[in-house]
Amino acid sequence: MIPKIDSQIGISVYSTKFNGIGGRIKDEAEHFNVNEVLSPKSLKSIIPQDGYAVYKLKKRKIDTNHALSDIFKKTGIRLKSLGLKDASAVTEQFVCSDSKSKSIENYSSEKYSLEKIGHVKKPLSKKDMIGNHFSIKISDYVGNLSDFNEYDKILNFYGYQRFGSKRAVTHLIGKALLQRNFKKAVNLLLSFTSTYDSKENTEIREKLADPSNYKTYLDQVPPQMDVERIVLQEMIEHDDPQKAIHAVPLPLRRFYVQAYQSFLFNHALSAAFDDGENLFAAQEGDVCYDSHGIIGKYVKGLDQFLALPFVGYSYYKKTRFDFQISKILQTEEITPKDFFIKEMQEISSEGGFRQAAIQCTDYSSKDTTVEFTLSRGSFATIILREIMKPEDPLTAGF
């Protein structure tokens, strides 16, 4: 039985035969550890001095964006991360300054520490990070964790956090933007409720469903709803939904569109698996990635990984998955050209490709803990979903 939240984010299948052990994750932040893995070449490029400062950011119970924002406020140093890391975990990642002239040594606060490890001639980017290593404790499960051995047969779905986790709304906002329905996007952003959200948040969102309440309840919006406050302020001042959405930081506006693309990808991957397509081996005519992340056509004898289209305005139709994708787009009443947004060109997306299956290495389990390494962009929660097969992923800590 597929949980309701899975269906809402486009996941309608399990790709392993394992029965699932249930249980919970993230009872404590220390139960979920993530360490970023840099390529050997990138690690060698870190030198003692001269260039852009590189730091190791260790954090607990704060997400990457809020940690970097706090560091900038406290020190004046603007840092860029190679990837975003969960708030409800203990994480270690590399961050890099965007200026050669400004750097500090070490800095720490209650939720994070920053340790300077050297300099690089050019700033590190996402391409320097090849993956993440995870060490995760599963509590109160039933059965044998050690019996799971299908880690090479897991589909590369986008995980719950891509869609807002407890409030799975990011892809819905993205779809509204593609449909140029800025009023709906504002309404979803402010008033979409979820049974998993706090009572306080739900109450304020219910009030914000009525635009006549905007001014009355602005001051009651909790500080963690920072984006909602920005949008509310704009709506109170201008009563223009497009202008209000434009006030949302650009990375987040782009993220909404990407979340909807992720929903389409999950949906297509589920449908292709259901239709009996082999998603764990490439064949003639397929688009693939090689071991260096270079994309190209399938070549017999090469070590390649099957890829599925990530729909955008440059959607490539000539794959064996066009049947499923076209059907989904028709049902969703969306076309590839909708991803070019004239009214807000900076959030347009041409699309691309994503690997169909997760490349999981260094897999091991001992007692209640499972460890593995995933390539950049794959979600640990999708591995855990197949191991645990939880009845309700969100109450299980996902």
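Biologist: Which residues line the second largest pocket?

Modeller: A pocket is an open set of points on a 1 Å grid over the protein atoms alone, where a 1.4 Å probe fits, with protein on both sides within 12 Å along at least five of seven lines; lining residues have an atom within 4 Å of a point. The lining of the second largest pocket consists of Ser 39, Lys 41, Ser 42, Ser 45, Val 120, Lys 121, Lys 122, Pro 123, Leu 124, Ser 125 and Asp 128.

Biologist: What is the basis of the model?

Modeller: The model is predicted: local features need pLDDT of at least 70, side-chain atom pairs count only at pLDDT 80 or more, and totals for chains, interfaces and linings use all residues. Residues are numbered from 1 along each chain as its sequence is written, and side-chain values use heavy atoms, leaving out hydrogens and water.

Biologist: What is the radius of gyration of the protein?

Modeller: The C-alpha trace spans about 60 × 55 × 45 Å along its principal axes. For 398 residues, a compact globule would have a radius of gyration near 21 Å (over C-alpha atoms, 2.2 Å times the number of residues to the power 0.38). The protein agrees with this, at 22 Å.

Biologist: Why does Glu 115 count as partly exposed?

Modeller: Buried means under 20% relative accessible area and exposed over 50%, with partly exposed in between (1.4 Å probe, protein chains only). Glu 115 counts as partly exposed because its relative accessibility is 37%.

Biologist: Which residues does Glu 115 touch, beyond four places away in sequence?

Modeller: The C-alpha atoms of Glu 115 and Val 95 are separated by 9.9 Å. With contact meaning heavy atoms within 4.5 Å, Glu 115 touches Val 54, Tyr 55, Lys 56 and Asn 106.
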